[in-house]
Amino acid sequence: MQRDQPDLAYRQYQLLAEKYRTPELAEQASYLAQYLGNAEDLSKSAQLWHDINPDSRVASNLLLDSLFQTKQYAEVFSTLNKFDWRSNNAMYSLLLGRVEQLDQGDIEAFAQALRPQLQQHPRNPFYHLSTALIARYQLRWQGAEDEVNEALHLAPSLQQAIVLKADLLFRQRKFTETTRFLSQANKAHPSPQLQDMLARAYLADNKAKKALPVLQSLIKEQPDNLEARFTLGRTQIQLARYKDAQNSFLELWDMAPNRSPVAFYLGYLAELQKDQDSAIDYYQQVTRGDELITAQSRLIVLLSGNGQDDQIPAMLKQARKNNPDQAAQLFELEAEWQSKKLDYAAARQAYDEALKLDPNNPQLLYNRAMLGDKDGNLEAMIADLEALIALEPDNAQILNALGYTLTDRTARHNEALQLLLKAHTLQPDDPAILDSLGWVYYNLQRYDEAEDYLTKAYGAFPDPEVAYHYGAALWQQSKPDQALRIWRKALRSKPDYSPIRDIMEQYGVQP
């Protein structure tokens, strides 16, 4: 070992252990095999250690671990059956932990070894629980519940059985049953784990008021449980107990190794109290994690409102430097901010940078396409929409966006028609698609078909744009009175809608 030859040291210790059969030598050989990461050697050494000293739980646990690694499932049960489950709960718990880690290829092999054990030892609850875990993996919910119920019948206070039953109910979204079961179980056999599960089940069932005292009790028992404290703060926000939530997060501030999520909620609470300076200060301390993008978004709003826009580019640049995996989203934030400022050139540059990092992001492509509508870059808009359709050929909304753009802004009406017919097939009742189809038929001078589609579109969504199209089709169908009625009604709701005013002026009629 001093000469850094642990493999040679292992072989010598194993030989000595086999010769002299002393537990100390077998223990040393086992730990060296574990250190070397050789599951077969560990199985051999741990088996020897276990044979020499069957009362050593460490030896038994190492043996079970190695047998699982080498997929000797029959030997797993042969070892376990030497021990009574009542006095060796830890060993059988190791069995459950290992079953949960089995991958798909090993599940059936393990199940084959388990079935005869269940028949030979029908009163061992851990074998029923192992069967339940396999059934859960296979999504056989009723089979899993039956096995867990049998385990609870054999051992009503067995924590692993209680936890697994609650988990099965929760996974099936039977939240009311989950909370009822856990509430009764926690009264009979109280534990922090059951309290935690009960609180999560109440929250999933939208019963925050009931979750609150459970979380408070849990924290009283486990004051260092940071996850429970965090959940408590969020629950208090949900119940609009903002001062209590603020106190909870302030207590967590001094305890949490990662302050970013805590800073986010403190910033949010400061915003609710109209304390913008504190909100900005806290949001600036969100430097990573899931809350980063939302915190940066709120900072943009707050800094813009305070006349501190000049800080935003440097802030976003630093955030991108610190979080390269979220850089595309941060460029997207910058693009949205620049677009709101009407600086479309800067917005397009930010979208370009975002798409260099994430070139096939549909949302980014769509947002940049819509920017083309604002900055007048029609070619870029069409190119982005075409790229989107290449990514999502059956996306009816994108087909509609490109089809409408082509017929409204170019002379490519026949191409637009094919796109819109496909969109209509995918979503036949969508009023936006019906409107686009009516408009492309109008531009193709197929006015009777235009009227048919626009009648349906207007009936479902009578906004000024649809009214403009519908009225135009009616006018071309020699129905001026109907057209004027539609246009004038639209202008009453939106008097400054220029397309309708322009077409009425073109036809020499008064609004």
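Colleague: At what angle do helix α15 (residues 242-253) and helix α16 (residues 260-272) pack, and how far apart are their axes?

Modeller: In this predicted model, the two helices pack at an angle of about 150 degrees, and their axes are 10 Å apart. Helices here are DSSP runs of H or I with at least four residues, numbered from the N terminus (strands are runs of E with at least two). The axes are lines fitted to C-alpha atoms, for helices over the stretch in contact, and the angles between N-to-C directions run from 0 to 180 degrees.

Colleague: Why is α15 called roughly antiparallel to α16?

Modeller: Angles over 145 degrees count as roughly antiparallel (under 35 is roughly parallel, 65 to 115 roughly perpendicular, the rest oblique). The angle here is about 150 degrees, and therefore α15 is roughly antiparallel to α16.

Colleague: Which residues make that contact?

Modeller: Taking contact as heavy atoms within 4.5 Å, α15 contributes Tyr-242, Ala-245, Gln-246, Phe-249, Leu-250, Leu-252 and Trp-253, while α16 contributes Val-262, Ala-263, Tyr-265, Leu-266, Leu-269 and Leu-272. Sorted by class, this contact holds twelve nonpolar residues, one polar residue and no charged ones.

Colleague: How do you know how α12 runs relative to α13?

Modeller: The axes of α12 (residues 192-204) and α13 (residues 208-221) come within 8 Å and cross at roughly 155 degrees. That angle makes α12 roughly antiparallel to α13. On the α12 side the meeting residues include Leu-198, Ala-199 and Tyr-202, and on the α13 side they include Ala-211, Val-214 and Leu-218. The residues of this contact divide into ten nonpolar, two polar and three charged.

Colleague: What describes the packing of α26 (residues 431-443) and α28 (residues 464-476)?

Modeller: Their axes come within 10 Å and cross at roughly 35 degrees. Asp-435, Trp-439 and Tyr-442 of α26 make the contact together with Val-466, Tyr-468, His-469, Ala-472, Ala-473 and Gln-476 of α28. By class, there are six nonpolar residues, two polar and one charged.

Colleague: Is Ser-130 buried or exposed, and how do you know?

Modeller: Buried means under 20% relative accessible area, exposed over 50%, and partly exposed in between (1.4 Å probe, protein chains only). Ser-130 has a relative accessible area of 0%, and so this residue is buried. Its place is in helix α8 (residues 125-137), where, leaving out residues up to four places away in sequence, Ser-130 touches Leu-95, Leu-96, Val-99, Phe-110 and Leu-114.

Colleague: Which residues have the most contacts inside the largest nonpolar core?

Modeller: They are Leu-80, Leu-95, Phe-110, Tyr-127, Leu-129 and Leu-182, in a core of 73 residues. Such a core is a set of buried Ala, Val, Leu, Ile, Met, Phe, Trp, Tyr and Cys residues joined through side-chain atoms within 4.5 Å. Beyond its neighbours within four places in sequence, Phe-110 is in contact with residues including Phe-68, Tyr-73, Phe-77, Leu-102, Ser-130 and Ile-134. Apart from this core lies another of 59 residues, among them Ala-350, Ala-396, Leu-474 and Ala-483.

Colleague: What makes Asp-244 count as partly exposed?

Modeller: Asp-244, found in helix α15, has 37% relative accessibility, and therefore counts as partly exposed. Its C-alpha atom is separated by 48 Å from that of Asp-429, 185 residues apart along the chain.

Colleague: Why is Asn-206 called exposed?

Modeller: Asn-206 is exposed because its relative accessible area is 65%. This residue lies in the loop between α12 and α13 and has a positive phi of about 60 degrees although it is not a glycine. Asp-4, in the segment before α1 (6-20), likewise has a positive phi, near 60 degrees, and with a relative accessible area of 63% Asp-4 is exposed. Lys-19, found in helix α1, is exposed at 62%.

Colleague: What should I keep in mind about numbering and confidence?

Modeller: Residues are numbered from 1 along each chain as its sequence is written, and side-chain values use heavy atoms, with hydrogens and water left out. Local features need pLDDT of at least 70 and side-chain atom pairs count only at pLDDT 80 or more, whereas totals for chains, interfaces and linings use all residues.

Conventions:
Ala, Val, Leu, Ile, Met, Phe, Trp, Tyr, Cys and Pro count as nonpolar, Asp, Glu, Lys and Arg as charged, and the others, Gly among them, as polar.
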